[in-house]
Amino acid sequence: MGKTELAVQTAVRALRSPGWFPGGALFIDLFGYDDQRRLTPHRALEGLLRSLGLPGEHVPDGAQDRARMYRSVLATHAEQGQRILLILDNAASAEQVEPLLPTDGATAAFVTSRHTLSVHARIHDVTTLSQPASVELLRQHLRHARGPSDERIEHDVEAASRIAEACGHLPLALRIAAALLADLPTRPVASLAEALEAEYSRLGRLRREEAAVRAAFDLSYGQLAPAQARLFRLLPLNPGPSLSTTAVAQLSGIPESDAEEALVDLARAHLIEAAPEWGRWRFHDLVRLFAAERGRAEAEHDGREAAAAALIEHYFFNACAADAHIDSRREVPASSPFAGRREAVQWMEQERANLVAAATATPAMESGNRAVELAFVIIDFLGLAWYVDDKIAVVTTAVDVLRGAGNYDAEGRMLAALAEALHRARRIEEALATHEQALSLLRQADNPRAEGAALSNWGLTLQEAGRIDDAVAAHGRALDIARETNDRHSEGHALNNLGTALADQGRWEEAASAHRRTVTICRETGDRHREGTSLMNLGRALGELGRATEAIEVLHRSLALHREALDRHGEALALHNLACALRTAGRLQEAASALIQATTALREVGDRHQEADSLGLLGSLLGRRGQADAAVAAFERALALRRETGDRQGEAVDLHRFGTTLADAGRYDEAIPVLSQSLVGFRELADLPGEASTLLVLTAALGHVRLFDEATQAATRAVMLYGQLSDDQGSSEALFVLGMLLHRQGYPELAADSCRLALDCRPEVGGTMWKARCVSVLAQALRDAGRLEQAVRAFEETAVLHRATGDHTGEWLALRNAEDARERMRGARPT
């Protein structure tokens, strides 16, 4: 049973070797042989992604999506010279561990298991047997006892594997199991496997004559002093996979120094083991069953019920104190064990598995009220850190406890929290339905403050569903309730969310006003975290209004506040918005740097949707800087994320951006198929603006490769679509592009007409470079059509426009063309 120790010691030595693993080591216990705690690849990947720094908000739902993101993060670390050593402990099968293995060729993985796994890795044997070796041990012992004709193991390898797992792959347990099969030659392997499945009786069944697993454990247990033995029996009461020395002291009711000494003694006796992080302790699988069995037998003597209550109270007290540091609306108690927010968040992180288990396990369900109370104090942390799966599990358990109890207020608030978590999991339809249930209960409970908060969060989900008008109404009602109840915190929350909905409607001035008022409220109430969020949204609005300098200043303040709050996801969004403002200000290199930081943070937190947005923007920006290959790589990553998440709208947008960047780089043959894919996406989505804008870029690309018929069709459809949309700016651009195309094909009259129509659509544009270009094409078309007098006037107008824009070369060429037209006029007149 020294496999974990071997892995840890190997990791320690490897980390001490300069340059081997600059990124450190990452450890996870998969609990492969514990039916109750076994991690599926789906859950294991969530834990690994979080350990890599991804806030839970954006951890993908599907196992394959999680595996792809996990491998991408590992590859990124390796590419950046931060290679990581993975220690994947207690894996039960290749299926469980395969999705957790790196594929980049640089990241190293140390897998420990009780059987040999077919994962194309070098095998290191330790004292605890591998799964195949365990089955082989069963086969060999059975054949030794019954002869080579006994092929029961070969005929039911799956059941033999279940026996091996039940035995914890301990050679002693496996030999006993083989002897039990040998006693009865007609007994099916599956019969023994089923007999060993029940934890409460497993140790009792793993015995034969004088040999028993329990007896082996008894040898160590019998050497314990009474206080050590009592502590050993109490430890399985912890609901999670490991517990701290402090928690052990609370559980046992002894001083922490005495608890640590006793724990060290238990570890020396191989009855528990120290977790990789010093100060935390855990069991081997079968030893935990043995300790729990002993504990039940001595429950009254040990004060087991009181000890369990003391442990839960320890978790609850500390969770309450930590939550007070996280939630600015609460007053931090004088007895708080945490110096500040950072320490509180770190404790929540360390104890998350125990807190979640305490709030969701069957004993927690039986304790009812305490499970609900614990849920209420940990959900803010789970939301901050984006542990979406955990939050859904905790809140669902609390809702189950509350359902039918008549506590409409608590049930309504829990349903509102569940709806928010479902939103973050992008289960939008479920979130909407749950929001409606929550609102109904909160109205019955006559809790206007909670109703207002739920309304505002409902509005965010409505925005995600594309129901922007409904969202504005919901936020407005939430704002009214906050003001009616004089709740300044909730007023700030509702105003901030209302601002985002107004932004979705393109009402940027109103959005900026709402966010400014939110900032003022946050400063009054001391809510620095929400102030950072409001500043982030304000910066976005200012950027859209063209006030880039002000936006940049605001977003830098937002960034600092998000970092202070340890909100990695908010930090990433602030960086994204900062990049947009820097781009508007023409500071492209700084914008690219901000986007690279944003994509790194978003990859860490697991927000693949926003990561794709940032990557798409980064691709466009790199293209503008002439870094075409880097731009292509960014777009390819963005598109991969869009397809993984099923974001068809985002995929169409990024294909448009990608095709535009390729066309701008002169790579027209590559741009055309990309733009064509974008068109397909926009048409399937009935997105007329997206289709029209893509058609314009496609027209230009087709024209450059002289596919004039296809280009003309594309431009003509773009003109038609912009007309349907009553988009004068789009119509003028499409008509101008069509005019250029017709001129190149030798249709000067049609080209002149198209350019005139383009100018008529935007008469207010005058004095811009666009108008100079359009009038220039008009002048050339008029000249080629033989309408020289009109051409001269158009060339002279072009020269004036170029002068206004400071384009002296353009001005000179226009004047020269005007003079050439005059010469042609004079030559054409009869003498």
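Visitor: Hi! How much of this chain is buried?
Guide: Buried residues make up 54% of the 831 residues in the chain. Keep in mind that this is a predicted model.

Visitor: Okay, and how many helices and strands does the chain have?
Guide: The chain has 42 helices and eight strands.

Visitor: What does the C-alpha trace span along its principal axes?
Guide: About 130 × 70 × 50 Å. The chain exposes about 35,800 Å², and carbon and sulfur atoms supply 50% of that area.

Visitor: Let's talk strands. In what order do the three strands of the open sheet run?
Guide: The order is β1-β2-β3, and the pairing is parallel. The edge strands are β1 (25-29) and β3 (108-113), each of which pairs on one side only. From one strand to the next, the twist averages 15 degrees.

Visitor: How do strands pair up anyway?
Guide: Strands of a sheet pair through backbone hydrogen bonds, in either a parallel or an antiparallel way.

Visitor: How many bridges are there between β1 and β2?
Guide: Five bridges, in the parallel sense, with β2 covering residues 85-91.

Visitor: Switching to helices now. Where is α38, and how far does it reach?
Guide: Helix α38 takes in residues 728-744, which is 17 residues. From its first C-alpha to its last it reaches 24 Å, close to the 24 Å expected at 1.5 Å a residue.

Visitor: How many residues of α38 are buried?
Guide: Twelve of the 17 are buried, so α38 is largely enclosed by the rest of the structure. Among them are G730, F736, L741 and H743.

Visitor: What do those buried residues pack against?
Guide: They pack against α36 (688-704), α37 (708-724), α39 (748-761) and α40 (769-784).

Visitor: You mentioned α36. How does its span agree with what 17 residues should give?
Guide: At 1.5 Å a residue, the 17 residues of α36 should span 24 Å, and the end C-alpha atoms are 25 Å apart, which agrees.

Visitor: And how many of the residues in α36 are buried?
Guide: Twelve of the 17, so α36 is largely enclosed by the rest of the structure. The buried residues include E691, T694, L698 and G703. Their cover includes α34 (648-664), α35 (668-684), α37 and α38.

Visitor: Which residue caps the N-terminal end of α36?
Guide: D687 does, through a side-chain oxygen 2.9 Å from the backbone nitrogen of G690. Just after α36, R706 takes a positive phi of about 65 degrees.

Visitor: Which loop holds R426, and what is its phi?
Guide: R426 is in the loop between α22 (408-424) and α23 (428-444). Its phi is near 65 degrees, a positive value in a residue other than glycine. At 39% relative accessibility, R426 counts as partly exposed.

Visitor: What about D446, is that buried or exposed?
Guide: D446 counts as exposed, at 63% relative accessibility. This residue lies in the loop between α23 and α24 (448-464), and phi of D446 is near 55 degrees, a positive value in a residue other than glycine.

Visitor: New topic: where does H576 lie?
Guide: H576 lies in helix α30 (residues 568-584). H576 is buried, with a relative accessible area of 12%.

Visitor: Which side chain does H576 join in a polar contact?
Guide: That of Q610, at 3.4 Å. Leaving aside neighbours within four places in sequence, H576 is in contact with residues including L595, A598, D613 and L617.

Visitor: Last one! What does A249 touch?
Guide: Not counting residues up to four places away in sequence, A249 touches I254, P255, E256 and A259. A249 is found in helix α13 (residues 245-252), and it is buried, with a relative accessible area of 8%.

Visitor: And how far is A249 from A665?
Guide: Their C-alpha atoms are separated by 67 Å, and the two residues are 416 residues apart along the chain.

Methods. Residues are numbered from 1 along each chain as its sequence is written. This is a predicted model: local features need pLDDT of at least 70, side-chain atom pairs count only at pLDDT 80 or more; totals for chains, interfaces and linings use all residues. Side-chain values use heavy atoms; hydrogens and water are left out. Helices (H or I, at least four residues) and strands (E, at least two) are DSSP runs, numbered from the N terminus. The expected span of a helix is 1.5 Å times one less than its number of residues. Buried means under 20% relative accessible area, exposed over 50%, partly exposed in between (1.4 Å probe, protein chains only). Contact means heavy atoms within 4.5 Å. Two strands pair if DSSP finds at least two bridges between them. Axes are lines fitted to C-alpha atoms, for helices over the stretch in contact, and angles run from 0 to 180 degrees between N-to-C directions. Accessible areas come from the Shrake-Rupley method with a 1.4 Å probe; for residues, only the protein chains shown count as cover. A polar contact is a pair of N or O atoms within 3.5 Å; within protein, one must be able to donate a hydrogen and the other to accept it, and residues adjacent in sequence count only if both atoms are side-chain atoms.
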